[in-house]
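Colleague: I am new to this one. Can you take me through it?

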Amino acid sequence: MAKINIKKGDLVQVITGAKAERGGDRGKQGKVLRVFPESNRVLVEGINRVTKHTKVGQSQRGTKTGGIETVEASIHISNVALVDPSTKKPTRVGYRLETVERDGRERVTRVRFAKSSGKDLA
């Protein structure tokens with residue numbers, strides 16, 4: 001299992017695959033909806049959309065459910081890169097140790113930062 005630098009809510013960009021003009025997702029940016037650390041995959045908003053066929057049924061109110069719908073599928077974590085908040089371009093992630101004084105105690109916390117600009121990531 002690889003070290004996962006991407007968290008839920010991060011803005012990421014697809015760095016591999018077919019270009020957008022050829023029907024692919026490379027170069028597109030989206031927000032991470034969910035992270036699957038056991039399989040090293042992420043679910044990104046608006047990326048890797050697939051058509052899913054669900055069985056037609058009825059809800060309790062009598063409305064029809066099911067049919068053909070488009071949903072996002074997961075993408076491997078190596079195919080996306082975190083977006084630098086200042087330049088809006090993909091960057092690598094680094095970690096820095098900072099000491100923060102809270103309630104009279106000093107605590108050491110790990111802070112993520114963008115390697116290209118050095119800015120902190122939320």
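**Strands and core**

Colleague: How many residues of strand 4 are buried?
Modeller: This is a predicted model. Strand 4 covers residues 49-58 and is hardly covered. Buried means under 20% relative accessible area. Among the 10 residues of strand 4, the count of buried ones is zero.

Colleague: Which residue is the bridge partner of Val50 in strand 5?
Modeller: Strand 4 and strand 5 (residues 64-72) pair in the antiparallel sense, over eight bridges. In strand 5, Val50 has as its bridge partner Val71.

Colleague: Which residue takes a positive phi in the hairpin of strand 4 and strand 5?
Modeller: Five residues lie between the two strands of this hairpin. The phi in question is near 100 degrees, and the residue is Gly62.

Colleague: Which strands are the edges of the open sheet?
Modeller: Six strands form the open sheet, with antiparallel pairing. Their order is 6-3-2-1-7-8. An edge strand pairs on one side only; here these are strand 6 (75-76) and strand 8 (90-91).

Colleague: Which elements give two or more residues to the largest nonpolar core?
Modeller: The core has 14 residues; Ile6, Val12, Val42, Val44, Ile75, Val80 and Leu82 touch the most other members. Two or more residues come from each of strand 1 (11-14), strand 3 (41-44) and strand 7 (80-83).

Notes:
Residues are numbered from 1 along each chain as its sequence is written. This is a predicted model: local features need pLDDT of at least 70, side-chain atom pairs count only at pLDDT 80 or more; totals for chains, interfaces and linings use all residues. Side-chain values use heavy atoms; hydrogens and water are left out. Buried means under 20% relative accessible area, exposed over 50%, partly exposed in between (1.4 Å probe, protein chains only). Helices (H or I, at least four residues) and strands (E, at least two) are DSSP runs, numbered from the N terminus. Two strands pair if DSSP finds at least two bridges between them. A nonpolar core is a set of buried Ala, Val, Leu, Ile, Met, Phe, Trp, Tyr and Cys residues joined through side-chain atoms within 4.5 Å.
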